[in-house]
Amino acid sequence: MRVKTNPILAIGAMTAVAALALTGCSAGGGDEGSKKEGSTTLTVWVDADRAPVLKDVAAAFTKESGIAVKLVQKDFGKIQEEFVQQVPTGKGPDITIGAHDWLGNFVTNGVVQPIELGDIAGDFQDVAVTAMSYEGKTYGLPYSTENIALLRNTELAPEAPSTYDEMVQMGTDAGTEFPFLVQVGEESDPYHLYPFQTSFGAPVFGTKDDGSYDSEQLLLGNDGGIDFANWLAEQGKAGLLKTTVDGDIAKEKFVSGDSPFLITGPWNVAPAQDAGIDVAVDAIPSAGGEAAQPFVGVQGFFVSAKSKNALAANEFLTNYIGTKDVQVELYNVGKRPPALTAAFEEVSSDPTTAAFGEVGAAGVPMPNIPEMGSVWQFWGVTEADIINGKGDPAELWTTMTSDIRSAIEG
């Protein structure tokens with residue numbers, strides 16, 4: 001293990017341990033609880049990017065608790081499937097890193113258990129805690145959020161547009177090849193087009209009183225959805241949305257100065273800045289009159305349902321991963337805005353992070369219910385057909401909704 005030399009983490013760990021002593025280990029029961037379980041090792045699955053930070057945090061936890069932490073590096077893209085397969089056999093980890101939209105699959109398969117955030121729940125962004133919750137229970141410790149926003153080339157567009165129509169007009173006035181850019185692709189991209197859809201009042205699912213998504217409320221096909229479908233057809237006919245524009249092309253054209261606007265995530269900020277573009281980050285303008293809300297993705301850590309070290313796992317998450325200093329360190333390796341409000345405020349001196357975080361705070365969590373898996377393909381293919389003028393938009397959208405409902409009901 002690498003020698004822990006980061007004074008910030010050392011302070012953070014000491015603070016966390018002190019907090020445990022003062023609060024009687026309110027979040028997880030502390031050493032006493034862990035030792036009663038006979039646990040001596042926590043196994044944690046983590047991806048390559050986050051592993052170095054967790055190595056330092058694990059060392060601090062072990063030093064203070066006497067409980068070893070074994071970090072197992074995994075390919076992030078394969079974790080969900082491997083976790084579902086291995087936990088029932090007892091071979092999985094105690095804790096895994098993961099994305100919040102895996103949660104419905106995890107709960108349905110019985111491979112995760114709730115965690116107790118206690119008093120610190122209010123210290124995280126609401127959208128992050130909601131994303132990590134399922135049927136009224138919190139299952140994960142969030143550490144980052146991610147969403148799309150509107151990148152603006154300030155030389156070509158000095159001011160932010162307030163509506164979609166204004167954005168298109170500003171882009172037209174700029175005289176560039178594209179008034180604005182958003183990745184669509186051959187099977188469309190519902191994720192990137194979702195803010196426009198929500199601006200017509202057509203979310204995918206409704207929500208229950210506790211804020212969780214309700215799969216029985218498929219709102220995709222409501223009147224707002226039909227309006228959105230007709231709007232998609234108009235934009236396709238006008239050449240403003242094109243299935244020939246995928247993510248690579250959209251990025252290339254924006255970086256080349258061929259459009260003043262690009263709807264994308266923070267991952268395309270650095271390439272634009274490297275090309276000498278002065279980039280501003282704005283809210284996505286509304287096309288339908290209501291707020292244009294992007295999906296927010298949240299990453300965090302889950303505890304295995306089969307863990308024999310549940311108290312220690314809860315303690316490691318809430319009092320170490322959930323501290324400001326550790327969340328800032330995790331931000332530094334991935335530049336995803338921290339889920340912990342105090343950590344987000346500390347890194348908000350970076351205007352890009354602050355702007356994406358502000359847009360995300362007004363977004364909605366990506367649905368974490370398993371039924372979402374029945375939505376994506378029908379959704380994208382239908383959007384592409386509408387944009388390409390392959391039928392009546394309202395009929396195509398209605399058929400799509402019916403197909404999705406049938407798929408959900410099995």
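Author: One definition is needed at the outset: a residue is buried when its relative accessible area is under 20%, and exposed when it is over 50%. Please note that this is a predicted model.

Reader: Which residues of helix α4 are buried, and which are exposed on the face turned away from them?

Author: The general idea comes from helix geometry: an α-helix has 3.6 residues a turn, so residues three or four places apart point the same way. In α4 (residues 76-86), the buried residues include Ile79, Phe83 and Val84. These residues lie on the same side of α4, because the arc they cover around the axis is only 115°. The face turned away from that buried side carries Gly77 and Glu81, which are exposed.

Reader: Against what do the buried residues of α4 pack?

Author: They pack against the strands β1 (41-46), β3 (95-99), β4 (112-113) and β14 (295-304), and against α5 (103-108).

Reader: How is a sheet to be read, and which strands stand at its edges?

Author: An open sheet here has four strands in the order β9-β12-β8-β13, with mixed pairing. At the edges stand β9 (181-182) and β13 (279-282); each has a single partner strand, so one side of each lacks a neighbour in the sheet. Strands β8 (149-153) and β12 (261-264) run antiparallel and are joined by four bridges, with Leu150 opposite Ile263 in β12.

Conventions
Residues are numbered from 1 along each chain as its sequence is written. This is a predicted model: local features need pLDDT of at least 70, side-chain atom pairs count only at pLDDT 80 or more; totals for chains, interfaces and linings use all residues. Side-chain values use heavy atoms; hydrogens and water are left out. Buried means under 20% relative accessible area, exposed over 50%, partly exposed in between (1.4 Å probe, protein chains only). Helices (H or I, at least four residues) and strands (E, at least two) are DSSP runs, numbered from the N terminus. The arc is that of the directions from the helix axis to the C-beta atoms. Contact means heavy atoms within 4.5 Å. Two strands pair if DSSP finds at least two bridges between them.
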